[in-house]
Amino acid sequence: MRIRKAMAAVLAGALVLTTIATGTTSEAAKKTKLKTKKVSIFVKGKKKISITGKKAKHKYTFTSKKKKIAKVSKKGVITGVKAGKTTITVKDTWKQKGKKKTKKLGTVKVTVKNKVPVTPKVTPLAQTAAPPAQTAVAQVSTPPAQTSDVQTPAPPVSTATPQATTTPKVTKVPTTPPTAAPTATPKAPKAELTLEKNNINAGKTTTAEVSVNKGSVTAVTWKTADEKIATVKKDDADQKKAVITGVAKGDTKVIAEVTVKVEGMDFTVTVESETLKVADSDALVVNAAVESAPTEMTVGDELPLVVTVDVDTSMIESIVWKVDGDAVEIAKAETADVIKAVKAGEVTVTATVTVKQGDKTATDTVEFTVYVMEKYNIQDGVNFWSQYATIVKNEDGSVTYTKQQGDQNWQAGEFGFVVPREMVGKFTKVIIKYKDATLTPEGEKGCGYVIHYDDETQVSWIEGEDHWDDSLRIYGDGEIVLENKNPDKALSTVRIYDGVLNGTMTIVSVTFQM
């Protein structure tokens, strides 16, 4: 019996060895491994995570545990944010027989260090320590020994205590008060000059007006590029306005030199209008406009184009549309022309309007720019992240967030997303539609949010608006509208935090708008 058991064990071992030697050899060659295990970088430094044996149709994801310490891109590039330590989890996801499979490849330990060493504390000159004191031994003279029996009286010994050390007197230098940090110079304002009408007859008038994006206008100097074509007179009641009078046939521009006060500083901005066309006094002129001209659209949108003129609309003979770009198309409809957004991009649309009255004709050209945004799949187009919370991607394309509790009471769950790089600087508003939310039931604490800003070329954690006022009520079905209040900053990252423990919300869509 023992011999049979022994033989069975040997055969089993041989079978295992045969399997290892044959069946797993090819698999080992294809085995995916996380090569990068430890990374040390400086703040703003970058390092790419290396994975060997990558397989086709497999997706590799990277998640940073502490995004305030280090963040990681979809391609595995780590960027140091601030000094500290964190870990990045790397996962391998693929589909097998129609089912989604996920395997954890491992973690990367990340250490982020400050690039600039801490400046050592310098002792002020007035407080420089005196050199080490020398211990002085009181020198009491001893008379030489006398050989005579007559003793010479010893010199009197001073009863004063000998001073072994003399500390030099240090003159205290008055401490110079620290220099206040210089105040940041505000950015120069932008001005715009608009004309009520771009086409007038000689002897007729139009109005001009300037506006600024920030600050207050304190003075405006008006003029035209050619006073033989048109003249300008400042409005007595409002210096930001002026009356333009046509003189003779020709083209010119209206120019305004605007003085603007921003945060106590004066700026001078020169701005000019579009071309002002002056026709003969008896000529037919027309000023057209596209009242419904959109500034931004989302792929799939279709809007009517309504053209208006300052003469009888029955005089309109034709409208010719021209599109510079391929993001939109102009189509004819029964009631009006329509503009269709077909792909992401920026286009310029031009409408040439011709009117006719008797034997006289006139034309005007209207131009507007449209930025078309892609309808982002929130699972792929928006880089979601969470801290002390979970993010689960659902089959219908939605994302479910569940708040959890951190190790400390103050570590409330939060989630957010980084705006797609190509969208940074293109919009000022984020609309998040949600359903089945239980984050803020009746009587419970609301949610706060943070909007982070950055420039148009970099997405990162820089600065932002902190709204710690628990103003968001996220319950049931609804939407969250977060708006950038700073015109000089580009919205790049959104964070939403708090709500009840284990509270959830399912995010249906994220839309970016101007």
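In this predicted model, contacts between residues at least 6 apart in sequence are joined in 64% of cases by residues that lie at least 24 apart. The chain contains two helices and 38 strands, and of its 514 residues 34% count as buried. Its accessible surface comes to about 32,900 Å², and 52% of that surface belongs to carbon and sulfur atoms.

Four strands form an open sheet with mixed pairing, and their order is S2-S9-S8-S5. Strand S2 (38-42) and strand S5 (59-64) stand at the edges of this sheet, and because each has a single partner strand, one side of each is left without a neighbour in the sheet. On average, and with direction ignored, neighbouring strands here are turned by 30° against each other. The pairing of S2 with strand S9 (residues 99-113) is parallel and consists of five bridges; within it, Ser40 has Thr111 in S9 as its bridge partner.

Ala327 is placed in the loop between strand S24 (316-324) and strand S25 (328-331), and Ala327 counts as buried because its relative accessibility is 1%, where the cut-off for buried is under 20%. Which residues is Ala327 in contact with, once its neighbours within four places in sequence are left aside? They are Lys340, Ala341, Val342, Lys343, Ala344, Gly345, Val347 and Val372.

Most residues other than glycine have a negative phi. Asp436, however, has a phi near 50°, which is a positive value in a residue other than glycine, and Asp436 lies in strand S33 (residues 429-438). Asn502 likewise has a positive phi, near 70°, and is a residue other than glycine, but Asn502 is found in a loop, the one between strand S37 (490-498) and strand S38 (504-513). Is Asn502 buried or exposed? Asn502 is exposed, because its relative accessible area is 53% and the cut-off for exposed is over 50%.

Notes. Residues numbered from 1 in each chain as written. Predicted model: local features only at pLDDT ≥ 70, side-chain atom pairs only at ≥ 80, totals over all residues. Heavy atoms only, no water. Pairing = 2+ DSSP bridges. Axes fitted to C-alpha atoms, helices over the stretch in contact; angles between N-to-C directions. Buried < 20%, exposed > 50% of the residue type's maximum accessible area, 1.4 Å probe, protein only. Contact = heavy atoms within 4.5 Å. Areas by Shrake-Rupley, 256 points an atom, 1.4 Å probe, with all protein chains shown as cover.
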